[in-house]
Amino acid sequence: MYRKWTKNDIEASKARFRRLYAQSPIEYRFLCGHDIQSEDDEDALDYYMIGVWLVQHRKYSDWSKEKAFDLADQLIKDADTSGSYALYPHEKYVAAWSVEAKFGSESFFEIANSVDDTPGRDSWGYLLNWYGYQKGFVTQKYAEQMLADPGDVRGQLLEENKYAGKTVWWLYKLRGTDLKTAPLECNNVVLRLSEVYLIAAEAGCKLGGDAAVQGLGYLNEIVKRGNPDNEVTMADYTLDRVLDERSKELVGEGHRFFDLLRNGKTIVRKGGYHLPSVDEEVDWDFYKCVLPIPEDQFIFSPEMEQNPGYPKN
């Protein structure tokens, strides 16, 4: 029987949703009403996976902060009660990113890759890895930020090297079986529990009151996991502080640009070893923050308007 996804589903036992082959965009395919399928369906989507998509959708849309906080809070409590997922502990954080540690304790959803999927040296990890194609470094600002706190375990995911005569730092969240082996395969982590904690922290900060008390607790779970000696006080619990923590925790996972845009922040690019001779600011409403609609789409929908700032053909 078909029924809508509601908050009651969040509170129910682990339900699974059948994969639908609809023509609507994939995020709405999962969010806007499906038939619930049994646990033994191999194509079913996990309860927590769907829950995180719901939370992300509320975070990026104009839905209420209350809903975003309530859903994130419920997911965290359900994960804790069931024992199905848990944050990586401080002492195991670095090892959790090894190619041998796929589908870890806090990973809700990963795009699985094998050597067959990325033949030769075509993997994303190999492209970025220092011992692969050396095509990706963290920004100078990020490196300096992490190096300023040697007790933060996340800084151990950086390694110093020389590139074009300059000192650079590369990120090995996508690495091989050891630090000097570039991965021919690696999974791409899409949804994980740490982000749910940070979503709750952000929503709680915006809401204030009791939600802020809980949200600060969730923020400090991530902060103290990084460095047990660190703690954020209520006086320092601001949106900028939450976004700063998101940048530390979710580096390399594709969030920072959108975190700034959806909060109306200005993107400040100071340049550095990673991007010489660049010093610019990009406001959240700059037209290029939204990509143009591809020309071939107007073949099917000629009446459709192009995104502002771009020619239609």
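**View 1. A network of salt bridges links E106, D152, R154, K173, R192, R225, R241, D244, E245, K248, E249 and E253 in this predicted model.** A salt bridge here is a side-chain nitrogen of Lys or Arg within 4 Å of a carboxyl oxygen of Asp or Glu, and by this rule the count comes to 20. Residues are numbered from 1 along each chain as its sequence is written. Because the model is predicted, local features need pLDDT of at least 70 and side-chain atom pairs count only at pLDDT 80 or more, while totals for chains, interfaces and linings use all residues; side-chain values use heavy atoms, without hydrogens and water.

**View 2. E253 and R192 meet through their side chains in a salt bridge of 2.7 Å, N to O.** E253 lies in the loop between α9 (239–249) and α10 (256–262) and R192 in strand β7 (residues 188–192), so the pair ties together parts that are 61 residues apart in sequence. Helices (H or I, at least four residues) and strands (E, at least two) are DSSP runs, numbered from the N terminus. Both E253 and R192 are buried, where buried means under 20% relative accessible area, exposed over 50%, and partly exposed in between (1.4 Å probe, protein chains only).

View 3. K248 counts as buried at 14% relative accessibility, whereas D244 is partly exposed, with a relative accessible area of 23%.
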